[in-house]
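User: I would like a close look at one part of this protein, its pockets. Please keep the answer plain and connected.

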Amino acid sequence: MNQPQRFLSLDVFRGMTVCFMIIVNTPGSGAQPFAMLNHAAWHGFTPTDLVFPSFLFAVGNAMSFSMKKFAQMENSAVLAKIFKRTLLIFLLGYLMYWFPFFSYNEGGGISFSPIANTRILGVLQRIALCYGIVSLLIHYLTTRSVVVVGVLFLLGYWAALLLFGDAADPFSMTGNAGQYLDLYVLGDKHMYHGEGIAFDPEGILSTIPSCVNVIIGYLAGKFIQEKGKGFETISKLLLAGGVLILIAICLNPVFPINKKLWTSSFVLITCGLDLVIIGALIYVIEVKSYTKWTGFFTVFGKNPLFIYIVSEVLLTIIGVIFPGLNFNEWISSRFFQVIVPGPVGSLLFAICFMLTCWLVGYILDKRKIYIRV
C-alpha cells in the first residue's frame, strides 16, 4: 500500500476534526446555537465534546507514522525534536491567547496587554504537552508498557480527584483537585474565565488523562499499519471502540462523563467513538474507494494547526483593523439573523466562517505550502 493511501484516512479524520472545531468555536451571535453545538454544561456529553479529544486522537495516529523515523536517530536528536516541537506548539498557543498584545483605551490610545493577565494553558498548550509526554513514553518504553502507563494515568487521575478534591463533591467545578492545583500553581489571573469563575478546562491535572487520547490514537495507527486496512482491521477497530464506549457508560454513574474535567470515562467514550469513526472511514475510503468527497477535508488535514490558529485570530485581527467593531455581532445582526433568524442563522455564520478558513487552506494546498511545527 503506497504512502498517499496510508495517510488519506488520517488526513480526512484530522480534517473533519478541524472543520467541526471551527464550526463549534465560532457561532454567530444574536441567537443561541443548536444544543448539539454546545458543550455539555458540566456532566454529560454532546457531539461537540468529541471534537477536541478527536484532535488529540489524530495527533497520536500521526505519531504512529512519524515515530518510526526516531528509531533511526540518535537519542539526543530525538529529544531535541520532541522538546522543540512541544515548546513551539505551547508558545504558539500562549501567544495566540495574548494576541494582539495591546488594546485601545478609553482615550483612543493604545495600552499594552499585561502578561500578568494572560492565560497560560489552553487548547494548543494541551496538544503540546500531550505530544511531548506521549512521545517520550513511546520512545523509551515498549508498546505494552505504554498501555500500562495509559491505564495508570486513568486510574491515577480518578484516585487524585477522590483523594484531593472536596470530599462532599470531588467532581464539582469549584471543588475538584485540578481546580485547587491550577489556582495554586497558575493563579486566578492566568486561568480561563469563560465559566464566570477562574476555571481551566485545559488545566494541569486533567492533562494526565488527556494523554491517553493520544496513546490510543497512536495504538490505533500502529495497529492499522501492522494489520492492513482490510475487514479484519475494521472489525477489530469497531469492536474495540464498542468495548470502550460500554466501559465508559458503565463507569458514568460513579465517575461521570465530563469534558471540562476530562474524566477517565470521558477519555474512554471519546476514544471509543473515534475508533468507530476511523473504522468507518477506512471502510469507505480504503475498502470501497469512495474518495471523491475527501478533498474538502484533506485541505484542513494538511495544515491543521495553522488553519486552527487562523480561525482563532482572524476575528481578532478584524477587530484591530476596525476598532470598536464586533464583526461577529455586526454581520450576524445585519445579515445572517435577518435571512434566517435563530439557531440556523448562528450555524450559517459558523459554516461561512469555516469556509473562509478552508479557503486559506485551499490556497496553501494549491501552492504546495504545508506549514509544519
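How many residues line the largest pocket, and which of them lie nearest its centre?

Analyst: This is a predicted model, and what follows describes its pockets. The lining of the largest pocket is made up of 35 residues. Nearest the centre of this pocket lie N25, H39, R119, Y192 and E312. The space inside has a volume of about 1100 Å³.

The helices come next. Four of them, α1 (3-25), α2 (51-70), α3 (75-98) and α11 (304-321), each give at least two residues to the lining of the largest pocket. The largest share comes from α11, which supplies six residues. By residue type, this lining holds 17 nonpolar, 11 polar and seven charged residues.

Two or more residues of its lining come from each of α1, α2, α3, α4 (123-140), α10 (295-302) and α11. Here α2 gives the most, with nine residues. The lining of the second largest pocket divides into 19 nonpolar, four polar and nine charged residues.

To put the helices together: α11 gives the largest share to the lining of the largest pocket, while α2 gives the most to that of the second largest pocket.

How values were computed:
Residues numbered from 1 in each chain as written. Predicted model: local features only at pLDDT ≥ 70, side-chain atom pairs only at ≥ 80, totals over all residues. Heavy atoms only, no water. 1 Å grid on protein atoms, 1.4 Å probe; cavity = no way out; pocket = protein on both sides within 12 Å on 5 of 7 lines; lining within 4 Å. Points joined across faces, edges and corners; volume = space filled by probe spheres on them. Helix = DSSP H or I, 4+ residues; strand = E, 2+ residues; numbered from the N terminus. Nonpolar A, V, L, I, M, F, W, Y, C, P; charged D, E, K, R; others polar.
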